[in-house]
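Please look over the model below before reading on.

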Protein chains: 2
Amino acid sequence: MAAAAPPPPPSPAAIPETIVPETAPPRHPLFARIRLGTIFDVPQLHKLIHQMATYERLTDQFSATEASLAFTLFPSPSPPPPFTSFTVFILEVSPDPFPPTPQDPSNFSPILKTFHLDLPIEDSEKDIFRSEIGGDVVVAGFVLFFPNYSTFLAKPGFYIEDLFVREPYRKKGFGRMLFTAVAAQAAKMGYGRVEWVVLDWNVNAIQFYEQMGAKIQPDWRVCRLTGDALEAFAHLNI
Amino acid sequence: MAAAAPPPPPSPAAIPETIVPETAPPRHPLFARIRLGTIFDVPQLHKLIHQMATYERLTDQFSATEASLAFTLFPSPSPPPPFTSFTVFILEVSPDPFPPTPQDPSNFSPILKTFHLDLPIEDSEKDIFRSEIGGDVVVAGFVLFFPNYSTFLAKPGFYIEDLFVREPYRKKGFGRMLFTAVAAQAAKMGYGRVEWVVLDWNVNAIQFYEQMGAKIQPDWRVCRLTGDALEAFAHLNI
């Protein structure tokens with residue numbers, strides 16, 4: 001059947017994505033890509049999470065190792081399909097356009113965006129955060145999310161556990177790109193909502209989220225049972 | 001090998017679970033059981049969720065149908081194994097002891113507990129909430145939870161989305177039994193934490209959770225993107 005079909009028309013994907021008007025040449029283009037994380041990203045991911053813990057002054061709560069991340073996020077031999085469980089998007093940046101990527105078996109196509117910056121980004125940790133795909137590609141951030149569920153809607157949603165952009169890449173739209181990638185994926189899947197938490201004193205973040213259409217729930221409080229208090233339940237006679 | 005082994009000693013499971021001292025005969029024993037929900041529980045579950053929406057005065061947000069619950073919670077042909085995705089525990093009560101249940105393929109053994117009540121419970125909706133397993137067994141409540149993830153711990157946890165006990169069964173320990181079942185399961189699986197939300201004005205609930213060892217996070221706020229604001233992202237040019 002396929003061999004008998006006429007040749008397809010030129011694909012829109014064959015048209016270069018970045019057409020820059022000649023009147024406004026970008027001084028410092030930076031190519032960004034969001035793709036699904038894999039077990040090969042674990043070393044970079046571990047460093048990103050540690051930086052996040054440092055930024056939040058919560059290193060005392062940090063106990064992740066590369067091995068424990070790999071074991072829990074990408075269990076072998078067959079990690080669950082993306083979006084059905086814990087899912088990582090990796091944000092990469094490169095001075096050169098990304099080569100076309102083959103269609104991912106999960107049907108998720110990497111998201112590409114070109115940023116035109118006034119000044120080049122100085123990234124002193126470029127070598128530490130070189131992407132596992134090689135070249136001049138550097139990991140700039142990540143978002144980790146997983147399905148949640150609304151009984152009222154009888155629909156799944158996504159919960160964003162962490163969204164992090166490395167310091168040199170902040171306030172340039174990369175965080176919005178990561179956030180948008182998750183919301184767009186939820187919307188495409190027909191999901192009911194996207195949720196996350198924010199610190200109540202983080203006025204800038206709250207304003208940013210509200211501008212994106214989010215509602216902050218003023219009277220809900222998160223409860224957490226952890227550590228010894230949780231472990232005590234393993235031996236509890238219900 | 002097994003045939004050559006000596007006969008096993010009498011199993012503790014063969015000893016009746018409810019040994020009541022003769023000096024304090026219970027006037028009104030009520031047998032409770034927590035088991036995994038299945039697609040056959042959907043009609044009862046739908047009614048329970050609607051009652052919860054009514055109780056919370058949020059029926060305007062309620063759009064679940066039996067069909068949408070079945071489709072999202074117990075997708076055919078092969079729903080995900082319990083605890084790996086959205087998981088429902090059903091709380092049933094009965095005037096008679098529950099018969100022994102065969103070992104569930106998921107390795108989850110139903111949790112049994114006998115309540116000794118001063119007064120019998122008058123349940124005017126007994127017929128509506130008769131369990132799908134038949135007999136005099138009535139569905140009294142449920143808890144819906146699913147895995148979440150802590151990047152700092154590199155461990156999964158559980159998030160409790162809803163816990164609901166029908167009105168005639170409240171303030172008797174059934175809610176604690178449901179909550180404990182989830183926490184015990186998390187602890188047995190080596191998970192890092194159990195989380196849920198509570199309304200900040202619900203002082204009784206907060207006190208109850210704190211007594212169970214939970215910490216309330218005072219400065220976190222839940223953000224939600226839903227409805228049209230979420231759907232707009234499906235067509236957004238990232």
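How many bridges join strand 2 of chain B to strand 4 of chain B, and do these strands run parallel or antiparallel? Seven bridges join them, and the two strands run antiparallel.

## Basis of the model

This is a predicted model, in which local features need pLDDT of at least 70 and side-chain atom pairs count only at pLDDT 80 or more, while totals for chains, interfaces and linings use all residues. Residues are numbered from 1 along each chain as its sequence is written, chains are lettered from A in the order in which they are written, and side-chain values use heavy atoms, with hydrogens and water left out.

## Strand 2 of chain B

Strands here are DSSP runs (E, at least two residues), numbered from the N terminus, and two of them pair if DSSP finds at least two bridges between them.

Eight of the eight residues of strand 2 (residues 87-94) are buried, so the strand is largely enclosed by the rest of the structure; buried means under 20% relative accessible area (1.4 Å probe, protein chains only).

## Contact between chains A and B

In contact (heavy atoms within 4.5 Å) are 74 residues of chain A and 74 residues of chain B. Seven bridges join strand 8 (residues 220-226) of chain A to strand 6 (residues 193-199) of chain B, running antiparallel, and A:Thr226 has B:Arg193 as its bridge partner.

Technical notes
Helices (H or I, at least four residues) and strands (E, at least two) are DSSP runs, numbered from the N terminus. Buried means under 20% relative accessible area, exposed over 50%, partly exposed in between (1.4 Å probe, protein chains only).
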